[in-house]
Amino acid sequence: MASKLGTWLGTLPPDQLAEILTRRPDALAAPVPETLAELADRLQSRPSVAAAFHGLPQPAVQLIEAIQAAGGPAVDRAELAAGFGRTTDDPDLDATLRVLALRALVWPDGRAGLRMAEPLWSAFAYPLHLGPPAESLFAARTADELRRVASALGAAGGRTKQQLIDELVALLGDGERVRAAVAAAPAGVRELVRKVAWGGPVIRSHEIIYGYGHSANPLFDWALSRGLLVADGWQAAVMPGEVGRALRGPDWHAPFTPQPPVPVTAPAEAEAVDREAAAAAGPAVAGVTAVLESCAATPIMLLKAGGVGARELRRLAKAVGGDESLARLWLELAHAARLAALTGETVLPTEAYDDWHASEPAERLVPLLLAWWRLPAAPLSGRGPGGEPPAAALTRSGYAELIVELRHELLRAAADLPPGRGVVTEDGLLPVVTWRAP
């Protein structure tokens, strides 16, 4: 039986199918799929979907998050548009859905429906910081617990567990009723649930007792007893998605940023840029040269665990007359340009160093620029990706490929600036890069 994606692929003209395969070339890896069903399976494999997801701009990622929050397996396009505060025929929504369709990540399903590649339904732990639907949370609770919640909400309470769940889902889906209940709550409860509604949906405390669905803390107990929070695991509670949406208010809409931000710029004369570039090029060549000469005179010792540690970097910085971060940069560039290599327990210049050192300064700069373009490290950041102290130099973390990609995205964003203009702050391109590579 054909999958929903396979069925949709079968409706496409050859040129549109070719467009999808151009953007998802991994789906054609050997052995090449022989049928649309096989192709659909490839396109919905987790590694293939993850690779396509990784290259999406911010508005496409925002759509995926909103679709996941809406639930599946199909989502009504009108409801999705309303969630963004847009109309069904909104051109920005159309354009973003086309980006996703051309990657077979989200595609039309019937007249007004949308379907999404299966792996994307778990792309976010809590899409839009909203909890799971109340129905799925209440399914794990006992009928007696659900009756107590229904009673606290002023409901009659059904006879069976499923009737109780249906009744509670309807109650918590009534935004006005939920907001009225919270407005009548003690001040501490109002503050608690509103904080969880915007920043949650999970709250953890040793005072939440999962097995009994209540808490010794009266604030938690008030919210738990009315289904505004549901005990979910050991010493944790989660707010149902319906409650989170209700407390955010009827005017709240999911974020959607279809157009890239425009950075603040100022005039940047070409002559001044050339002077700055030349002024930076000289010290770069001199710095790498000094590091390599120091390595030749006194080999840099590697740590037992690998890489060059802080002590050796401080010694190297002192030897070449610079600070530790610059010494790290010059050493990383020398290694990436294959002018230095790890030999046994030390770092030494390679045979290529002699020819490089004998060439003109401008010629020495070229391999350094190429090495920087593909350098899988950010030596000047002064810290690790999570804010921790930087790893030893000449070691590679799991973030290495991302660092290279972000450097390339940064330079593309700079290249797109209007001629004769430059950003006015060091982080002026950060919003643009975030939009292009969220």
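Helices (H or I, at least four residues) and strands (E, at least two) are DSSP runs, numbered from the N terminus. The structure is a predicted model, in which local features need pLDDT of at least 70 and side-chain atom pairs count only at pLDDT 80 or more, while totals for chains, interfaces and linings use all residues. Residues are numbered from 1 along each chain as its sequence is written, and side-chain values use heavy atoms, with hydrogens and water left out.

Two or more lining residues come from each of helices H5 (58–70), H6 (77–83), H11 (175–183) and H14 (241–248), and H6 gives the most, with 4 residues.

The largest cavity has a volume of about 50 Å³ and is lined by Leu153, Leu171, Leu172, Arg177, Val178, Ala181 and Leu228. Helices H10 (161–172) and H11 each give two or more residues to this lining, with H11 giving the most, at 3 residues.

The axes of helix H15 (residues 270–297) and helix H19 (residues 361–373) come within 10 Å and cross at roughly 80°, where axes are lines fitted to C-alpha atoms, for helices over the stretch in contact, and angles run from 0 to 180 degrees between N-to-C directions. H15 is therefore roughly perpendicular to H19, a description used for angles of 65 to 115 degrees. The contact (heavy atoms within 4.5 Å) involves Ala281, Ala284, Val285, Val288 and Thr289 of H15 and Pro361, Arg364, Leu365 and Leu368 of H19.

Most residues other than glycine have a negative phi, and most peptide bonds are trans. In alanine 104, however, phi is positive, near 55°, and this residue, in the loop between helix H7 (91–101) and strand S2 (106–109), is buried at 0% relative accessibility. Arginine 338 also has a positive phi, of about 65°, but is exposed, with a relative accessible area of 66% (buried means under 20% and exposed over 50%, with a 1.4 Å probe and protein chains only). The peptide bond from alanine 30 to proline 31 is cis, with omega near -5°.

Note on methods:
On a 1 Å grid over the protein atoms alone, a cavity is a set of points where a 1.4 Å probe fits but cannot get out, and a pocket is an open set with protein on both sides within 12 Å along at least five of seven lines; lining residues have an atom within 4 Å of a point. Grid points are joined across faces, edges and corners, and a volume is the space filled by probe spheres set on the points. Angles under 35 degrees count as roughly parallel, over 145 as roughly antiparallel, 65 to 115 as roughly perpendicular and the rest as oblique.
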